[in-house]
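Thanks for coming. I have one chain to go through today, and I will keep to what can be computed from the coordinates.

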Amino acid sequence: ENAILTLVTAAAGGVPVIPSDQVEPGALPPYIAMAVRWVEAGPAEEGMVDDNGNQPVHDHRDATVELRSVGAAAYDVLDKIGLTLRHPVYEERAEALALALFDAGRLQLVPRESAGAASERLGVRELGIRYAQTYVDFVGVIETVTGTLTTTGGLQPSLQTPFSAEIVTAP
């Protein structure tokens with residue numbers, strides 16, 4: 001959520017972006033309240049075990065990020081932010097934060113009477129932002145494999161041979 005807040009704040013052009021659970025009652029406009037409404041995880045993918053026996057597992061997640069503007073200046077920024085975030089400068093910023101905008105959403109003007117506000121212009125935009133999450137844990141390293149090889153059939157008599165293979169790591 002911090003990376004998303006960083007990206008949206010940069011694109012907001014000086015209008016404060018505040019996590020929605022931190023907006024103080026009576027906060028003065030203009031501002032944009034941001035909330036990650038839901039996250040959907042894709043399939044998990046296992047990575048290679050490293051020399052220390054650690055294995056990463058990662059997935060890609062799609063988040064719906066709700067932006068609520070309060071005040072005319074914030075509404076204007078919200079109107080433009082979908083385009084701003086698709087500019088190459090912000091695409092690079094998103095990539096540097098390990099994010100990708102996949103949906104700029106649509107801007108919705110919230111009627112003043114339904115929002116309980118008498119004078120401020122209110123708007124809502126939902127962005128689709130994708131990111132990857134990784135979890136690493138120790139699974140161990142195979143050091144030695146032992147077993148018995150048995151052959152059957154063919155013209156030669158069956159054969160049983162024990163074997164052992166040791167994993168050698170570079171010094």
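**Strand pairing and overall shape**

Let me start with strand 5 and strand 7, which run antiparallel and are joined by 4 bridges. Two strands count as paired if DSSP finds at least two bridges between them. Within this pair, Leu101 has Ile129 in strand 7 as its bridge partner.

Before going further, the conditions. This is a predicted model, where local features need pLDDT of at least 70, side-chain atom pairs count only at pLDDT 80 or more, and totals for chains, interfaces and linings use all residues. Residues are numbered from 1 along each chain as its sequence is written, and side-chain values use heavy atoms, with hydrogens and water left out.

Back to strand 7, residues 122-138. What else pairs with strand 7? Strand 4, residues 54-70, runs antiparallel to strand 7 and is joined to it by 17 bridges. One of the residue pairs there is Leu67 with Arg125. Strand 6, residues 107-110, is also antiparallel to strand 7, with 4 bridges. In that pairing, Val110 stands opposite Leu122.

Now the chain as a whole. There are 4 helices and 9 strands, and the order along the sequence is α-β-β-β-β-α-α-β-β-α-β-β-β. Is the chain spread out or compact? Its radius of gyration is 27 Å, well over the 16 Å that the globule rule gives for 171 residues, so the chain is more spread out than a compact globule. For the record, that radius is taken over C-alpha atoms, and the rule is 2.2 Å times the number of residues to the power 0.38. Along the principal axes, the C-alpha trace spans about 95 × 35 × 30 Å.

Next, burial. Of the 171 residues, 27% are buried, where buried means under 20% relative accessible area, exposed means over 50%, and partly exposed is in between (1.4 Å probe, protein chains only). The chain exposes about 11,400 Å², and carbon and sulfur atoms supply 52% of that area. The areas come from the Shrake-Rupley method with a 1.4 Å probe, and for residues only the protein chains shown count as cover.

On contacts, meaning heavy atoms within 4.5 Å: among those between residues at least 6 apart in sequence, 61% join residues at least 24 apart.

**The strand 8 and strand 9 end of the sequence**

Strand 8, residues 144-151, pairs with strand 9 in the antiparallel sense over 8 bridges. Leu149 stands opposite Thr161 in strand 9. How many of the 8 residues of strand 9 are buried? The count is 0, so strand 9, residues 159-166, is hardly covered.

Thr151 lies in strand 8 and is partly exposed, at 33% relative accessible area. Leaving aside residues up to four places away in sequence, Thr151 touches Ser158 and Leu159.

Gly153 sits in the loop between strand 8 and strand 9. Gly153 counts as exposed because its relative accessibility is 59%. From Gly153 to Gly42, 111 residues apart in sequence, the C-alpha distance is 47 Å.

**Earlier in the sequence**

Ser20 is in the loop between strand 1 (17-19) and strand 2 (31-41). Ser20 is partly exposed, at 34% relative accessibility. With residues up to four places away in sequence not counted, Ser20 touches Ala33, Met34 and Ala35.

The loop between strand 1 and strand 2 also holds Pro30. What kind of peptide bond joins Pro29 and Pro30? A cis bond, with omega about 0°.

Phi of Ala98 is near 65°, a positive value in a residue other than glycine.

Last, Thr9 in helix 1, residues 2-11. Thr9 is partly exposed, at 36% relative accessibility. The C-alpha atoms of Thr9 and Glu91 are 14 Å apart, and the two residues are 82 apart along the chain.

That is the list; I will take questions.

Technical notes: Helices (H or I, at least four residues) and strands (E, at least two) are DSSP runs, numbered from the N terminus.
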